[in-house]
Amino acid sequence: MSELSRGRRVLPAAVAAAIIVALVVAAVLIVERAAPAAPAPRSDDQAVTGAAAVDCAENEPIARQLAGGSTWTMCWRVDASRGLVLEDVHFTPAGARPLQVLAELSIGQLEVPYDTGVRNTEDITTQGFGGSHMMSLTPTECLGERLETYVPKIGDGSVGGGGARRPVLCQEERDGGLAYRSDDGASTEVARRTELRLATISKVGWYEYVSQYTFGSDGTIRSDLGATGDLSPEDYGDDPAYGWPVGPGDSDYATSHSHNAVWRVHWALGGPGGQAVEQYDAAPTGEIGPRSPLVEGGLTRVTHEGTARAADRRWWRVVSPEVLNEDGHPISYQVELGATTPFQLTQDHKHPDGGEGVDDGYTIAFSEADDCQLFATSNKEGACGAGVLDFVRDRAPLSDVVTWVAVGFHHVARDEDQSPMEMHWQGFTLTPRDLTAQRVEVPPSREGVNGRPAPHH
Ligand SMILES: [Cu+2]
């Protein structure tokens with residue numbers, strides 16, 4: 001099983017030299033591994049080995065070793081505005097050292113503009129996902145353990161009483177479907193994936209939102225926002241251009257609207273301040289080879305704050321250039337958007353920015369971390385900017401990276417949305433890229449496969 005080796009990379013001029021140097025440095029440092037992790041925190045009655053030691057301010061750490069031997073460790077708390085906030089997220093691949101991935105993960109805004117133009121809500125900064133909006137869970141909402149924390153009724157609890165310790169976080173280890181199956185002629189390897197899932201429910205008006213984070217045994221992190229509850233009774237009209245008839249015949253046009261979600265992902269990969277951002281693009285050259293079209297791809301370093309839009313075959317990664325895996329490749333996580341309806345936040349419409357490297361309608365934005373820059377729009381601390389476009393305006397160099405990930409869902413109601421409305425989901429995935437030299441939890445028969453496999457049979 002591969003372990004992560006930390007190397008101070010010498011920056012060479014030529015790419016070939018870089019690879020050679022990196023490989024040598026990685027090889028040398030394998031003998032110089034860090035001391036074993038401090039005693040692991042306990043989760044339930046299960047002792048966790050190899051877990052990172054995290055020190056949580058508010059609640060006991062979450063530390064869960066999944067069936068294949070890999071462990072996720074983190075802190076959690078409920079913020080009045082953002083609801084569930086995860087902090088100090090560490091992943092320990094089976095048999096390897098703990099590795100910090102994220103400093104913090106939460107939603108950064110949820111805007112719901114109605115297509116008629118007469119209504120818009122900013123659910124995170126106006127109402128909030130925490131406080132009295134955060135629902136207590138019953139066994140129907142949560143098949144796993146229901147974890148309690150103190151939830152103030154108003155704000156952070158500094159004004160007024162009425163808060164209570166309530167079961168608001170669902171922690172569940174679950175089956176994630178088929179992880180892999182491979183018959184190489186000599187053996188058949190097959191396994192299922194296991195996942196740690198954390199979720200809370202917040203009721204804002206007629207809608208009820210599930211904030212859900214899923215941590216896979218393969219090192220992936222999935223962020224999802226689910227919406228249920230009911231269509232808002234105030235938002236019906238009679239113009240087919242703005243809605244869909246959900247009553248009998250030609251009646252009761254439920255107004256179409258968007259659920260514009262932006263997550264704030266503060267990275268800690270390779271340690272605080274050790275990150276860089278890269279964008280990958282690939283495009284057909286127009287040339288056709290003997291069997292197939294030529295497609296050229298490569299990485300571009302995103303050195304400064306800014307915004308970017310989705311495009312065909314495009315993805316981004318947050319990389320820690322100085323921390324190498326056993327293959328000598330810098331460790332990174334890829335941001336995968338999946339299905340999304342592109343949007344421009346309403347506040348960004350009203351105060352367009354323009355400027356080099358800043359696009360009002362972004363699918364991802366990169367900013368240098370600042371604890372007062374918490375909300376994608378209507379950021380409460382006016383002094384450090386009103387929202388993402390403000391945060392990135394000065395184009396500061398990136399090293400302590402926050403990614404703002406925008407995933408939209410345009411909701412055209414259907415008869416089946418009443419009542420209650422079936423859950424609909426939007427989200428994104430953070431996928432490890434070269435965190436380890438081979439897959440996490442490699443089966444023994446495949447331990448020798450690293451690079452082009454030797455032909456057999
Ligand atoms: Cu909706």
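Visitor: What spacing do the donors of the copper ion follow along the chain?

Guide: In this predicted model, the copper donors follow the spacing Y-x49-H-x1-H-x151-H along the chain. Strand S15 (residues 257-267) holds His257 and strand S22 (residues 401-411) holds His411, so this pair ties together parts that are 154 residues apart in sequence.

Visitor: Which residues are the protein donors, and through which atoms?

Guide: They are Tyr207 through OH, His257 through NE2, His259 through NE2 and His411 through ND1. These donors lie 2.0 to 2.1 Å from the copper ion.

Visitor: Why is the arrangement tetrahedral?

Guide: The 4 donor atoms subtend angles of 92 to 130° around the copper ion. Four donors count as tetrahedral if all angles lie between 85 and 135 degrees, so the arrangement meets that rule. For four tetrahedral donors, the ideal angle at a metal is 109.5 degrees.

Visitor: Are His257 and His411 buried or exposed?

Guide: Both His257 and His411 are buried.

Visitor: Turning to the aromatic rings, how many aromatic pairs are there?

Guide: The count comes to 8 aromatic pairs. In one of them, the ring centres of Trp72 and Phe91 are 4.5 Å apart and the planes are at 35°, so the pair is tilted.

Visitor: Which residues do ring pairs link into a cluster?

Guide: The cluster consists of Trp72, Phe91 and Phe215.

Visitor: What lies over the face of Tyr114?

Guide: Arg119 does, at 5.0 Å from the ring centre.

Visitor: Now the charged side chains: how many salt bridges are there?

Guide: The count comes to 22 salt bridges. One of them joins Arg174 and Glu195, with an N to O distance of 2.9 Å. Arg174 sits in strand S8 (residues 164-183) and Glu195 in strand S9 (residues 188-204), so the bridge ties together parts that are 21 residues apart in sequence.

Visitor: Where do those two stand on burial, buried or partly exposed?

Guide: Arg174 counts as partly exposed because its relative accessibility is 26%. Glu195 is buried, with a relative accessible area of 8%.

Visitor: Which residues are linked in a network of salt bridges?

Guide: The network links Arg77, Asp79, Arg82, Glu87, Glu104 and Arg264. Within it, Arg77 and Asp79 form a salt bridge whose closest N and O atoms are 3.9 Å apart, and both of these residues are buried.

Key:
Residues numbered from 1 in each chain as written. Predicted model: local features only at pLDDT ≥ 70, side-chain atom pairs only at ≥ 80, totals over all residues. Heavy atoms only, no water. Donors = N, O, S within 2.8 Å, 3.2 Å for Na, K, Ca; no water. Tetrahedral: all angles 85-135°; square planar, octahedral: opposite > 155°, others 65-115°. Helix = DSSP H or I, 4+ residues; strand = E, 2+ residues; numbered from the N terminus. Buried < 20%, exposed > 50% of the residue type's maximum accessible area, 1.4 Å probe, protein only. Phe/Tyr/Trp six-rings, centres within 6.5 Å; stacked < 30°, edge-to-face > 60°. Lys NZ or Arg CZ within 6 Å of the ring centre and 35° of its normal. Salt bridge = Lys/Arg side-chain N within 4 Å of Asp/Glu carboxyl O.
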